[in-house]
Amino acid sequence: MVPSPSTRRFVLQQVQQDATEAKPALPRFFTLEMGMFTITVLSGLVLIWSSISPYRSIGVLIVAGIVFTFSLVIVIRLIMDPDSVRARQSDAMLRLASQTLDCMKEGMTEKAAQRICQLLLPSTAAIAVAVTDKDHILGYAGYEEADNPSGSVIRTHATHATLADGRGRILFTPEEIGFPSGSSTIKAAIIVPLVVGHTVEGTLKFYYRRARHISETQKSIAEGFGRLLSTQMAASALEEQTKLATSMELKALQSQINPHFLFNTINTIASLIRTNPEKARVLLREFAVFYRRTLEDSADLILFAREMEQTKRYFTFEIARFGEDRVAMEVDIEPAVDDMMVPPFLIQPLVENAVRHAMPSEGKLTIGVTGVVDGDDVVVRVADDGVGMTEEARQNILHPESSTGCGIAVKNVHDRICGYFGSGTRMEVESELGVGTKVTLVLKNGALREH
């Protein structure tokens, strides 16, 4: 995924954006209450020392007394204001959650799991935090970290039990966890399943030095982060499925469009072997490059310049077939557009459609391809001066059930640009019988997708 932008960050996209800008969280023991309490104690000590010292200073006594009084009042106010405390705790948890999600841009990898464990450990009473998949430890931070590296096989039977039945567990003895009695500093644990759909894909584990350290707060933290990580893992899985579906659509489009001129091109080259062998040799070489590039360009994104290079190569075969007096292509692309990253197989299908469906019975067909930057957007246009189409045909060209070659190609291009560039991206089709057809692609934020 790339998650695609439309699904890339699921419903938690804004939270992840805030995480990027957020400052690192303060250590868990440094709170406003602790700071004010420290000031109160220090000012109280100064006040006592000034009172018993034979060289007492009235000014120091007054200042120390004022500071002590105000800081004491603030400490009492903070302690007795549960809403303020809860607000700060909630803010801290939200920041931690957003940082955790930010680690999972590429899914629950070993690197992401290790970073998540390091983030969660200071925010709990646990002495160790671990994340596993179905068979191995993905991340581990805290006590005995060196003995539990990423990739180690899961050893505790309690973890295997949670993976098997999908139930969370709160364990109060080493024996329940799976450690021999008295052999470990770890005496208690909370194990939460990480569930994607109806399948347990891993666990989140918190280890404690004492059973009494497992409070209701610790349970809530474990359960909450277990659900959060499960949700993000599900989002990553959805994004991956979307990428696979897009890739399959691209392969389907390749198989649908390429055979339309495959045999015609071969026949053209064959006819040139006797009349113009040098030109036939050049076309054959270009034909091999064309098909190799077509098969290679199944990556998520390629440079727009590469897409245009492939389109021009395709058009040389059409010129060889029909002649320069029948077809021509004019290209006017801004340099910034050439550097834009786009889905492959984007412009060629539109040009091929123009050749196949817009060619007049007499005269010359001219196809123009332009690309300009419009703010953060990019506008690419493929226009022809061919036969055009009826309003009914224009209205139906993007219909999902369109069964014509034109409809299949145009709809596929439309769906893929919307999938890659997200909301605001659109395709506009204008046509008039006897005048020509114009297909405009408005790529939202395309100018920001430079190589």
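Is Phe179 buried, partly exposed or exposed, and what is its relative accessible area? In this predicted model, Phe179 is partly exposed, at a relative accessible area of 22%. The legends below begin with the whole protein and end with this residue.

**View 1. Overall composition of the predicted model.** The protein comprises 451 residues, of which 43% count as buried. Its secondary structure consists of 15 helices and 12 strands.

**View 2. An open sheet of 5 strands with antiparallel pairing.** The strand order is S2-S1-S5-S4-S3. Strand S2 (137–142) and strand S3 (169–171) each have a single partner strand, so one side of each lacks a neighbour in the sheet. From one strand to the next, the twist averages 10°.

**View 3. The pairing of S4 with S5 and the helices packed on the sheet.** S4 and S5 are joined in the antiparallel sense over 9 bridges. Leu194 stands opposite Gly202 in S5. Helix H5 (residues 110–120) touches strand S1 (128–132), S2 and S5, and its direction makes about 25° with that of S2. Helix H6 (residues 157–165) touches S1, S3, S4 and S5, and its direction makes about 150° with that of S5.

**View 4. The aromatic pair of Phe179 and Tyr207.** A search of the whole structure finds 1 aromatic pair. The rings of Phe179 and Tyr207 are tilted, 6.3 Å centre to centre with 45° between the planes. Phe179 lies in the loop between helix H7 (174–177) and strand S4 (188–196), whereas Tyr207 belongs to strand S5 (residues 199–208), 28 residues apart. Tyr207 counts as buried because its relative accessibility of 4% is under 20%.

Conventions
Residues numbered from 1 in each chain as written. Predicted model: local features only at pLDDT ≥ 70, side-chain atom pairs only at ≥ 80, totals over all residues. Heavy atoms only, no water. Phe/Tyr/Trp six-rings, centres within 6.5 Å; stacked < 30°, edge-to-face > 60°. Helix = DSSP H or I, 4+ residues; strand = E, 2+ residues; numbered from the N terminus. Buried < 20%, exposed > 50% of the residue type's maximum accessible area, 1.4 Å probe, protein only. Pairing = 2+ DSSP bridges. Axes fitted to C-alpha atoms, helices over the stretch in contact; angles between N-to-C directions. Contact = heavy atoms within 4.5 Å.
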